[in-house]
Amino acid sequence: MHRRSFLSGLVALSILPKAHAASFEFPDLNVYTAQGKEINLSTILKEYSGKPLLLHAWASYCRPCIADIPILQDLETSISSLGIYFMNNSLDEDLGIIQTIQQKERYQGKNIFLPQSSQKILLESYQKQIGHKFVIPAYFILSEEGTCILIEEGTLGSKERLQRIKSRIEELLN
């Protein structure tokens, strides 16, 4: 089952140096908004064009992913005023599960979710471009131009990982 493969290698870390920042390009995926509307990921990326974007890939069955939500909320609160957008990219197909977790965690951040067909495309694209399986939780920082400049895999409970994310965001905003 796909869910088990997401969890393998959970503590892996992947940082893309600036010279290789453009080596991962998000495929144009069909995604669903929190309201259940189907749209293309490229539409969302265009909406945030001109501002840095942090994409958080997670799933309801991933306990470290859920444990990261309060840390992500703190990060969003401290940095959102600086002009970065946050988007949660859930690998769940059941919108009700996402809404339940958001209510439980008191988190109202923007959320999209991927249908299984888009998950498959993303996983294959990621493995082909990055060279290993997709791991969650994962954090993607995209520049104002939409170029992926950093991928962090694993929980934000690692102070070093959280600091790298903060530092890259601050670099983008300065």
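Predicted model: local features only at pLDDT ≥ 70, side-chain atom pairs only at ≥ 80, totals over all residues.
Residues are numbered from 1 along each chain as its sequence is written, and side-chain values use heavy atoms, leaving out hydrogens and water.

Let's begin with helix H4, residues 69–79; helices here are DSSP runs of H or I, at least four residues, numbered from the N terminus. Its buried residues are Ile69, Leu72, Gln73, Leu75, Glu76 and Ile79, buried meaning under 20% relative accessible area and exposed over 50%, with a 1.4 Å probe and protein chains only. Down the axis of H4 they fall within an arc of 165°, so they line one face of the helix; the arc is taken from the directions from the helix axis to the C-beta atoms. Turned away from that buried side are the exposed Asp74 and Thr77.

Now helix H5, residues 95–104. Here Leu95, Ile98, Ile101 and Gln102 are buried, and they cover an arc of only 130°, which puts them on the same side of H5. The exposed Gln103 and Lys104 sit on the face turned away. Just after H5, Arg106 takes a positive phi of about 55°.

On to Ile141. Leaving aside neighbours within four places in sequence, its contacts (heavy atoms within 4.5 Å) include Leu53, Leu54, Ile165 and Leu172.

Finally, the lining of the largest pocket: helix H2, residues 41–47, gives the most to it, with four residues. Thanks, everyone!

Note on methods:
Helix = DSSP H or I, 4+ residues; strand = E, 2+ residues; numbered from the N terminus.
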